[in-house]
Amino acid sequence: MLAMNYRGPFRVRTDEKPYPKILHPEDAIVRVTRSCICGSDLHLYHGLVPDTRVGSTFGHEFIGIVEEVGSQVTEIQVGDHVLVPFNIACGKCAFCKQELYGNCHESNPEATAVGGIFGYSHTAGGYDGGQAEYVRVPYANVGPTRIPPEMDPDDAVLLADVVPTAYQAAEMGGIKKGDTVVIFGAGPIGIMTAKCAWLFGAGRVIVIDHLEYRLEFVKNYAQCEAYNFRSMEDPVLFIKKTTDWFGADVCIDAVGGDAAGNAMQTITGRKLLLQAGSATALHWAINSVKKGGIVSIVGVYGPTDNLIPIGNVVNKGITIRANQASVKRVLPKLIDHVMAGRLNPKGIITHRLPLEEVSDAYRMFSSKLDNCIKPVLIP
Ligand code: NAD
Ligand code: ZN
């Protein structure tokens, strides 16, 4: 079968790889019909995630048709159209029982933090991902969810990660009616978070980025304010001024960074201009939220040694909430929102490419070329 194949930082291609096998009676094999590239894949692509092995296949946002099931799979059948949450979760451990599906203890027993994730290095369990014609789906009674027949597959594929992550970002922000919410990052996650912030009753939604085409996009798509941090003297000052010097009620980091907090700017000698913020966004969030406010983090960071202005966190009495999204927990309500037309996820898809063009797709999304917001690979 054809699959995306990681060859090292900034090098990915499509190759023939062996068809996946059922390894456990609760596994299923899914024939992939849509598979997105995520901002999280860019951390892998940039070589910033520890233990990302050459030869691995990325891809944690996919839908498809069940091709084979193991002998203990009872919840889905061959032929079902399913969307597969990016978290691999056993459904039985102490964390899954609390609906912390992103922190499953069984799917990634060697890690202390994150649970298993499709196609996200050996730090997330070493599972191959769905940027491929076929993928093995472990714990197939837990994650895979039948797609309602009336749902557009382009909406369904964004329910594997983008919409749940954005919704959880807004939810962790504890947004109350009338709140001013500032979102850093106008990528797919920040854009969708702006949409979700309104669902929680926000009174004002402000998105900050430096890519004009994304700022224009989010203004129209989410009917919010959008500003370029490059044209500001200081984003923290800007937010204070526009909130009568109180600060925002809620700040959301939809940017992320790397283990050192700033190395995203230069990796292997290349300037990554478009990742210029990295941990900067989190500093801005902490410094511009009001006293007693909430900072919600969904941007992905390396596991250790990140520096944040902890003094301001303490002195302002800020609450910080963060996690990988728990997709299965929020999926039922998000399916309702999409079916009722309150959310229109497919509106952010700007590019559809065949799996064979994986190398061009990564280059385009990483370098933010051709006004790319969200690319989808079609095997
Ligand atoms: P993306 O790379 O498309 O978007 C990131 C955006 O941030 C870009 O538009 C970039 O210009 C902007 N940016 C960079 N520095 C900034 C700064 N200082 N201030 C404001 N904006 C800045 O990625 P995405 O797909 O939108 O993902 C965003 C983040 O969310 C990534 O870190 C990704 O790993 C993470 N993520 C987390 C989860 C989760 O479950 N927690 C799920 C999906 C994605
Ligand atoms: Zn993702």
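Me: Hi! How far apart are the end C-alpha atoms of residues 25-144?
Reply: They lie 15 Å apart. Keep in mind that this is a predicted model.

Me: And how much of that span is helix, and how much is strand?
Reply: The span is 9% helix and 24% strand.

Me: What does UniProt place at residues 25-144?
Reply: The UniProt record, an unreviewed entry, puts the feature "domain: Alcohol dehydrogenase-like N-terminal" there.

Me: Okay, let's pick a residue. Where is Val32?
Reply: Val32 sits in strand β3, which covers residues 28-36.

Me: Is Val32 buried or exposed?
Reply: Val32 is buried, because 26 other C-beta atoms lie within 10 Å, and the cut-off for being buried is 20 or more.

Me: Which residues does Val32 touch?
Reply: Setting aside residues up to four places away in sequence, Val32 touches Phe62, Gly64, Gly130, Ala132, Glu133, Tyr134, Val135 and Pro379.

Me: What about Val30, what is that in contact with?
Reply: Ignoring neighbours within four places in sequence, the contacts of Val30 include Gly64, Ile65, Val66, Val82 and Val84. Tyr134, Val135 and Val137 are also among them.

Me: Gly64 and Val82 again! What stands opposite Gly64 in β5?
Reply: That is Val82. Gly64 and Val82 face each other where strand β4 (residues 62-69) pairs with strand β5 (residues 81-84). The pairing is antiparallel, over four bridges.

Me: Which residue in β9 is opposite Val82?
Reply: Arg146 is. Strand β9 (residues 145-146) and β5 pair in the antiparallel sense too, over two bridges.

Me: Switching topic: how many residues are in the largest nonpolar core?
Reply: It has 118 residues. Val30 is among those with the most contacts inside it, along with Val181, Val205 and Val207.

Me: Which helix gives the most to this core?
Reply: Helix α4 (residues 162-172) does, with seven residues.

Me: And where does the core lie relative to domain 1 and domain 2?
Reply: The core lies between them, because domain 1 (2-161 + 326-378) and domain 2 (162-322) both give residues to it. As background, nonpolar side chains tend to be buried together in soluble globular proteins.

Me: How many bridges join β16 and β17?
Reply: Four, and strand β16 spans residues 289-297. If you want a spot to look at, find Ile294, which stands opposite Thr319 in β17.

Me: How many residues of helix α8 are buried?
Reply: Eight of its nine residues, so the helix (residues 280-288) is mostly covered. Trp284, Ile286 and Ser288 are among the buried ones.

Me: What do the buried residues of α8 pack against?
Reply: They pack against β10 (180-184), α7 (235-242), β13 (248-253), β16 and α9 (310-316).

Me: Last one: which residues does Ile239 touch?
Reply: Not counting residues up to four places away in sequence, Ile239 touches Val182, Gly247, Ala248 and Ser288. Ile239 is in helix α7, and it counts as buried because it has 26 C-beta neighbours inside 10 Å.

Key
Residues numbered from 1 in each chain as written. Chains lettered and ligands numbered in written order. Predicted model: local features only at pLDDT ≥ 70, side-chain atom pairs only at ≥ 80, totals over all residues. Core = buried A, V, L, I, M, F, W, Y, C linked by C-beta atoms within 7 Å. Buried ≥ 20, exposed ≤ 12 C-beta atoms within 10 Å, placed from the backbone. Domains from an automatic or database assignment. Contact = placed C-beta atoms within 7 Å. UniProt positions renumbered as here; feature names shortened; annotations may be inferred. Pairing = 2+ DSSP bridges.
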